[in-house]
Structures are given as C-alpha cells and as structure tokens.
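Here is a short tour of a protein chain, written for someone who is new to reading structures. Keep the 3D view open and click along as you read.

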Amino acid sequence: MYKHVLVPTDGSPLANKAIEAAISYAAESGAKVTGYYAIEDMNMHHAGAYLTAELREEFDKRARAAAEDQATAPAKAASAAGVDFDWRMSKVRYPHEGIIEAANASGSDVIFMATHGHGSFAGAVLGSVTQRVLSHSKIPVLVLR
C-alpha cells in the first residue's frame, strides 16, 4: 500500500475529483496526502516588452494567492476525514516538472492525477500534463477520469 500520495490540482472540478479520491484512499489506508499547485512562469514571448518588473511582481503575488486559495477546500476535507495533509506550490516553467519535483521532495510514493481523457492523437498534439507526468515520473501515477 502507498503511504504518501501527491495530488496536483489546477482548481478544476476534475482535479477536485482526484483530491477526493486521494483523501478517500488515505482515510482508508492511513496514508498522508500532499496537495500541489504549479504556478506557471509567464511566457516572455507572449508578454514581450509589456511585462514590466511591477507587472511581473503583481502576477507573482496574485498567482501565489490563488495557489494558497486552492489549499483551503482539500485541507478542510482531509481534516474532516482524519487525514494528514500538507500543501506545496512552486513556480515552474512546465507543470509536469513541478509535479514530479513536488512528489520527490515530499517523499510521495504515488501520484493521483485527473485527466480530461483526450484520445491518443489529442494527447500527442496537446501534450497533456498528465501524459508528461506519466512519461517522466519514476514513481507510480494513478490516473483518474
């Protein structure tokens, strides 16, 4: 049995289902859950000359506040279920890299992730975060639809 679950979220209803599954699993097995939110770095190519230091600082402040807000509901649900819960967030260039780093840094032995269930062609074209985690993670990944 897994003892430490990492569950990344983007705040979507689909990701919330993965959080619910992780907490339910942890409540039954005695595992710990760590939630994770990736703050994507702003793409300079798109922002160009309009991205001033002040705008970048404001973006970072708002992104961190949004990430912290994402921890509230899972933390309450975990507490109600008697599950040990921790929260991590980091600013990353690519979310899949942040997810894998958070799993390694937290000592997680499994990642629970949601997927939108796009077919293989759409997944290849879109390069889904879930697909990238699956292909790069050295620990097991449980994918929920």
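## Thr-115, in a loop

Let's start with Thr-115, which sits in the loop between strand 4 and helix 5 (120–126). Helices (H or I, at least four residues) and strands (E, at least two) are DSSP runs here, numbered from the N terminus. Is Thr-115 buried or exposed? Its relative accessibility is 16%, so Thr-115 counts as buried; the cut-offs are under 20% relative accessible area for buried, over 50% for exposed and partly exposed in between, using a 1.4 Å probe and protein chains only.

Who does Thr-115 touch? Setting aside residues up to four places away in sequence, Thr-115 touches Leu-14, Thr-130, Val-143, Leu-144 and Arg-145. A contact means heavy atoms within 4.5 Å.

A quick word on what you're looking at: this is a predicted model, where local features need pLDDT of at least 70 and side-chain atom pairs count only at pLDDT 80 or more, while totals for chains, interfaces and linings use all residues. Residues are numbered from 1 along each chain as its sequence is written, and side-chain values use heavy atoms, with hydrogens and water left out.

## The whole chain

Zooming out, the chain has 6 helices and 5 strands. Going from the N terminus, the elements run β-α-β-α-α-β-α-β-α-α-β. Of the 145 residues, 38% count as buried. If you take the contacts between residues at least 6 apart in sequence, 76% of them join residues at least 24 apart.

## The sheet and its helices

The 5 strands of the open sheet come in the order 3-2-1-4-5, with parallel pairing; two strands pair if DSSP finds at least two bridges between them. Strand 3 and strand 5 (141–144) stand at the edges with a single partner strand each, so one side of each has no neighbour in the sheet. On average, neighbouring strands are turned by 25 degrees against each other, ignoring direction.

Strand 1 and strand 2 pair in the parallel sense over 5 bridges.

## Two nonpolar cores

A nonpolar core is a set of buried Ala, Val, Leu, Ile, Met, Phe, Trp, Tyr and Cys residues joined through side-chain atoms within 4.5 Å. The largest one has 22 residues, and Val-5, Val-7, Ala-22, Val-33, Val-83 and Phe-112 have the most contacts inside it. Strand 1, helix 1, strand 2, helix 3, strand 3 and strand 4 each give it two or more residues. Which element gives the largest share of this core? That's helix 1, with 6 residues.

There is also a second, separate core of 12 residues, which includes Ala-38, Ile-99, Ala-102 and Ile-111.

## Helix 4

Helix 4 (residues 95–106) has 12 residues and reaches 16 Å from its first C-alpha to its last, close to the expected 16 Å. That expected span is 1.5 Å times one less than the number of residues. Its buried residues include Ile-99, Ala-102 and Ser-106, and the buried residues pack against strand 1 (4–8), strand 2 (32–40), strand 3 (85–92), strand 4 (110–114) and helix 6 (129–136).

His-4 is in strand 1 and counts as buried, at 10% relative accessibility. Its side chain reaches the backbone oxygen of Ser-106 at 3.2 Å. Among the contacts of His-4 is Asp-109.

Asp-109 belongs to the loop between helix 4 and strand 4, and is partly exposed at 25% relative accessible area. Although Asp-109 and Tyr-2 are 107 residues apart along the chain, their C-alpha atoms are separated by 6.1 Å. The side chain of Asp-109 also reaches the backbone nitrogen of Lys-3, at 3.0 Å.

Conventions: Axes are lines fitted to C-alpha atoms, for helices over the stretch in contact, and angles run from 0 to 180 degrees between N-to-C directions. A polar contact is a pair of N or O atoms within 3.5 Å; within protein, one must be able to donate a hydrogen and the other to accept it, and residues adjacent in sequence count only if both atoms are side-chain atoms.
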